[in-house]
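Here are some notes to read alongside the model, written as numbered points.

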Amino acid sequence: MLNAIEISPDIWWVGGIDWNERSFHGYTTEKGITYNAYLIMDEKITLIDTAKATFTDEFLQRISQVVDPSKIDVVITNHVEMDHSGSLPAIHKIAPNATIYASAGAGVNEVRAHFGIEATPVKSGETLSIGKRTLTFVTTPMVHWPDNMVTYSDVDKILFSNDAFGQHFASTKRFDDENDLCEVYKQAKKYYANIVWPYGMQAKKALDVVKTLDLNMICPSHGVIWRSHIADILDKYEAWTTYQMQDKAVVVFDSMWHSTEAMAREITDAFIKEGIPAELIDVKHMHVSDIILEMCDAKYVAVGSPTLNSNMMPTVAGFLTYMRGLSPNNSMRIGLAFGSYGWAPLGPKQVYAELENAKFQLPVPVVAQQWIPSEENLAELQDTVCKMIEAAQE
Ligand SMILES: Cc1cc2nc3c(=O)[nH]c(=O)nc-3n(C[C@H](O)[C@H](O)[C@H](O)COP(=O)(O)O)c2cc1C
């Protein structure tokens with residue numbers, strides 16, 4: 001078993017590694033997950049967050065390599081979601097006199113609602129001396145639950161950032177510079193797109209506070225610790241939280257007999273012909289959490305469905321529902337609805353209505369094709385794409 005790891009003098013990583021988790025509340029985690037918790041060996045022995053309940057044994061074993069868990073004096077609960085707090089009842093039982101801190105209001109209420117445990121409230125800006133170190137709490141409400149907060153240790157210049165700057169990435173190596181950075185950044189972006197994206201404005205506020213801190217490390221509750229690429233991940237969060245868009249297109253579709261697929265291919269080619277990178281995505285073959293990663297910074301989004309039993313296809317409806325819940329900046333995008341039908345163009349029209357509901361700019365009407373598109377019909381899609389690009393430039 002991997003040992004507890006001293007990440008900075010007297011600060012230990014004592015989390016859990018979930019090598020085989022592949023679905024985290026419906027989000028695919030192809031690289032597994034870590035539940036990071038940190039133990040600070042100061043005059044008051046302090047634990048920052050815990051682990052998912054199923055990892056309690058692993059987590060307690062790691063703590064025991066450093067100290068008897070019953071000696072813990074302070075537990076900081078930055079966020080009550082159960083991937084971070086699932087082992088809190090076990091710690092509470094082993095160290096009943098430890099003081100558990102959570103954000104005033106939401107954090108304290110959530111600890112009580114989940115575990116029937118009374119936590120001590122802390123407000124944003126409040127400090128706690130644990131010996132040599134003073135910890136400062138900064139609440140980050142709705143990044144991504146009402147209770148979220150982050151904790152800063154002054155002596156070490158470490159920010160315990162909980163979900164912010166996290167990535168679902170299991171590894172024996174704890175630091176950014178010890179791992180494949182391309183993969184780490186991809187997983188950080190996928191995490192942001194699937195978890196934090198709806199709360200970009202709140203995340204931006206939190207980021208502005210983080211940027212004022214003197215930082216040696218950012219220790220998130222998932223994935224690798226940032227020590228060598230702090231400026232880079234902060235820059236990336238700046239771009240993501242301000243919804244910076246790329247001049248690129250994603251064309252998402254499903255198709256039974258390839259007519260909608262032929263339209264999707266033509267639309268993709270038309271974007272590429274106009275010099276705009278485009279990606280063709282068949283929803284049957286890509287998970288919605290990966291589609292969101294591809295589309296989160298795409299200026300152009302085309303969505304196609306045939307009519308199936310008087311509806312759009314359930315796969316496309318599933319994607320649109322997931323996307324609508326996550327994506328707050330659709331008014332900055334240019335959308336297109338398209339698809340084939342036999343006798344009633346309900347599938348493509350429902351896609352259009354969904355894009356309209358999700359507040360996309362829709363400069364061209366729905367392109368509904370009866371049965372199989374001819375060469376001429378397909379060629380007309382080139383004009384449609386040109387109109388979308390013109391609308392983006394206005
Ligand atoms: C099981 C099934 C159900 C269908 N239901 C409808 C329907 O309710 N209304 C309609 O206009 N066309 C319906 N169609 C016809 C398709 O929409 C039509 O064949 C279309 O061209 C398929 O596009 P695709 O090749 O992209 O799958 C149905 C086709 C199938 C196979």
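1. Let us start with a pair of residues in this predicted model: Val-303 stands opposite Ala-337 in β20. The strands β19 and β20 run parallel and are joined by 5 bridges. For orientation, β19 spans 298-304 and β20 spans 334-341.

2. Those strands belong to an open sheet of 5 strands, ordered β18-β17-β19-β20-β21, and the pairing is parallel. Its edges are β18 and β21, each of which pairs on one side only. From one strand to the next, the twist averages 15°. Helix α8 packs on this sheet and touches β17, β18, β19, β20 and β21. The direction of α8 makes about 170° with that of β17.

3. After α8 comes Gly-275, with a positive phi near 85°.

4. Which residues of α8 are buried? They are Ser-259, Thr-260, Met-263, Ala-264, Glu-266, Ile-267, Thr-268, Ala-270 and Phe-271. Please note that Glu-266 is in that list. The packing partners of these buried residues are the strands β17 (246-253), β18 (278-282), β19, β20 and β21 (367-370), together with helix α12 (375-393).

5. The contact between α8 and α12 can be described in some detail. The two helices pack at an angle of about 45°, and their axes are 9 Å apart. α8 and α12 are therefore oblique to each other. The crossing in which α8 passes α12 is right-handed. On the α8 side, the residues involved are Ala-262, Met-263, Glu-266, Ile-267, Ala-270 and Phe-271. In α12 they meet Leu-378, Leu-381, Gln-382 and Val-385.

6. Now for another sheet. Here 7 strands form an open sheet with mixed pairing, in the order β1-β2-β7-β8-β9-β10-β11. The edge strands, β1 (5-8) and β11 (120-122), each pair on one side only. Neighbouring strands of this sheet are turned by 30° against each other on average, direction ignored.

7. What is the bridge partner of Glu-6 in β2? It is Trp-12. Helix α4 (residues 106-115) packs on the sheet, where it touches β10 (99-103) and β11. The direction of α4 makes about 125° with that of β10.

8. The buried residues of α4 are Ala-106, Gly-107, Val-108, Glu-110 and Val-111. They pack against β10 and β11, and also against β14 (149-153). Following α4 is Gly-116, whose phi is positive, near 65°. A glycine with positive phi likewise follows α8, namely Gly-275.

9. Finally, the chain as a whole. There are 12 helices and 21 strands. Taken along the principal axes, the C-alpha atoms fill a box of roughly 75 × 40 × 35 Å. Of the 394 residues in the chain, 48% are buried. Among contacts between residues at least 6 apart in sequence, 70% join residues at least 24 apart.

How values were computed. Residues are numbered from 1 along each chain as its sequence is written. This is a predicted model: local features need pLDDT of at least 70, side-chain atom pairs count only at pLDDT 80 or more; totals for chains, interfaces and linings use all residues. A residue is buried if 20 or more other C-beta atoms lie within 10 Å of its own, exposed if 12 or fewer, and partly exposed in between; C-beta atoms are placed from the backbone. Helices (H or I, at least four residues) and strands (E, at least two) are DSSP runs, numbered from the N terminus. Two residues are in contact if their C-beta atoms, placed from the backbone, lie within 7 Å. Two strands pair if DSSP finds at least two bridges between them. Axes are lines fitted to C-alpha atoms, for helices over the stretch in contact, and angles run from 0 to 180 degrees between N-to-C directions. Angles under 35 degrees count as roughly parallel, over 145 as roughly antiparallel, 65 to 115 as roughly perpendicular and the rest as oblique. A crossing is left-handed if the near helix is turned anticlockwise from the far one by less than a right angle, and right-handed if clockwise.
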